[in-house]
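The exercises that follow ask you to work through one structure, and each is paired with a solution that goes step by step.

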Amino acid sequence: MNKEPVSRELFDEVMVPNYAPGSVIPVKGEGSRIWDQEGREFVDLAGGIAVTSLGHAHPGLVGELMDQANKLWHLSNVLTNEPALRLAKTLCDLTFAERVFFANSGGEANEAAFKLARRYAWEHFGPDKHEIISFKNAFHGRTLFTVSVGGQPKYLEGFEPAPGGIQHADFNDLDSVKKLISREKTCAVVVEPIQGESGVMPAQPEFLQGLRDLCDEHDALLVFDEVQTGVGRTGHLYAYQMYGVTPDILSSAKSLGGGFPVAAMLTTAKIAASLGFGTHGSTYGGNPLACAVAQKVVDTVSQPEILKGVQARSARLKKGLMAIGERFGVFSEVRGAGLLLGCALTEKWQGRAKDFLAAGMEQGVMVLVAGADTVRLAPSLIIPEADIDEALARFEKAVESLCS
Ligand SMILES: *Cc1c(COP(=O)(O)O)cnc(C)c1O
């Protein structure tokens, strides 16, 4: 096998140009540190976009992966397997869920959620009740259905015609939902408890409770997209538990696999019955390797001391970010929950979030953006405090370099 070093230039020669990766190619990670081809070290506050929930090369995850790798990799859903059954049981024990469908990505879990919502309404109320209400600036994935339910028109440009029967209300504005919802037509309301991609915007608790009440009144299902907020990210296993508002369907991915592709759609037994035999599926969904790794992630993250640790780390990181924001006048607000934080740029810095990411890389710290006006942080849920402090010191230098 050819394992000669490769350079960033090769990307433009062999890859579809839908991404624009930075010049650094990481080759190794441990905990919240990452090293590139030249041995340059970075502190990772990006977490692979809220994915590497237990950091890199976590010994427990590596152990589970190796253990399962030596036993059985794949079967397809013609047969079930032990890791998938155990993980589904764990997710049911820890959440409102009574039934689980496994997939491989957030988009695919949402696709299942939206199809289920349609099918449930079709079965119980007839074909007219098919409309989905979602929110402007929402992000639900890149399949044609999920990108249509998402509320960012730029992601649909040139891909139309899009699936129909989708309406967009204003996030955190219950009245805008009241104007669209109806018993005759609405099958589901879909919402991220914290809008991640568009700027780390938390839903107000009254808003989510209001959606719950509206859905109950109109026989519509409430779907929470917890792809980014789930699996400990907010300091609660799922954000719905923090809000105290229970959805009918929930999608989970990103942190669930800690870096191994896996996703889940959670729902009740009654609703699940509408995805009967043959109505939906996924070849890789519930793959034993993926489920063995996810089991270790969920078992670890759901421990009370880990979730408490997320709150403590969040407070430390937030305090440091606010201090940097104050010193340089770059952030108007640091918002979010747990270890999903967004630093909103002040007026003067609007549109320049990418510059903060690039300056961070220069100083050896990886951060994310969420849209053009927000710097986003989504580190490992067990990032050592010393790494938070080092990351903040490096990020402060990065901001200083931008300001000088
Ligand atoms: C990332 C994300 C998705 C899409 O997940 P993929 O694994 O990229 O398909 C969907 N919804 C939310 C809220 C996300 O953050």
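**Exercise 1. Find how many residues surround the ligand, which are closest, and which polar contacts they make.**

Step 1. Counting a residue as near when one of its heavy atoms lies within 4 Å of the molecule, 13 residues surround the ligand, and the closest are G106, G107, D225, Q228 and K254. The model is a predicted one, in which local features need pLDDT of at least 70 and side-chain atom pairs count only at pLDDT 80 or more, whereas totals for chains, interfaces and linings use all residues. Residues are numbered from 1 along each chain as its sequence is written, and side-chain values use heavy atoms, with hydrogens and water left out.

Step 2. Take polar contacts as pairs of N or O atoms within 3.5 Å. A ligand oxygen atom lies 2.7 Å from a backbone N or O atom of G107, while a ligand nitrogen atom is 2.7 Å from an N or O atom in the side chain of D225. A polar backbone atom of F139 is 3.2 Å from a nitrogen atom of the ligand. Of the 380 Å² of accessible area that the ligand has on its own, the protein covers 81% (Shrake-Rupley method, 1.4 Å probe).

Step 3. The shell divides into two nonpolar, seven polar and four charged residues, with Gly counted as polar. Helix α5 (residues 106-125) gives the most to this shell, with three residues; helices here are DSSP runs of H or I with at least four residues, and strands are runs of E with at least two.

**Exercise 2. Describe how helix α4 packs against helix α11.**

Step 1. Two packed helices are described by the angle between their axes and the distance between the axes. For α4 (residues 82-94) and α11 (residues 288-301), the angle is about 30 degrees and the axes are 8 Å apart, with axes fitted to C-alpha atoms over the stretch in contact and angles running from 0 to 180 degrees between N-to-C directions.

Step 2. With contact meaning heavy atoms within 4.5 Å, the residues of α4 that meet α11 include L87 and L91, and those on the α11 side include A292 and V298. By class, this contact has 10 nonpolar, two polar and two charged residues.

Notes: A polar contact is a pair of N or O atoms within 3.5 Å; within protein, one must be able to donate a hydrogen and the other to accept it, and residues adjacent in sequence count only if both atoms are side-chain atoms.
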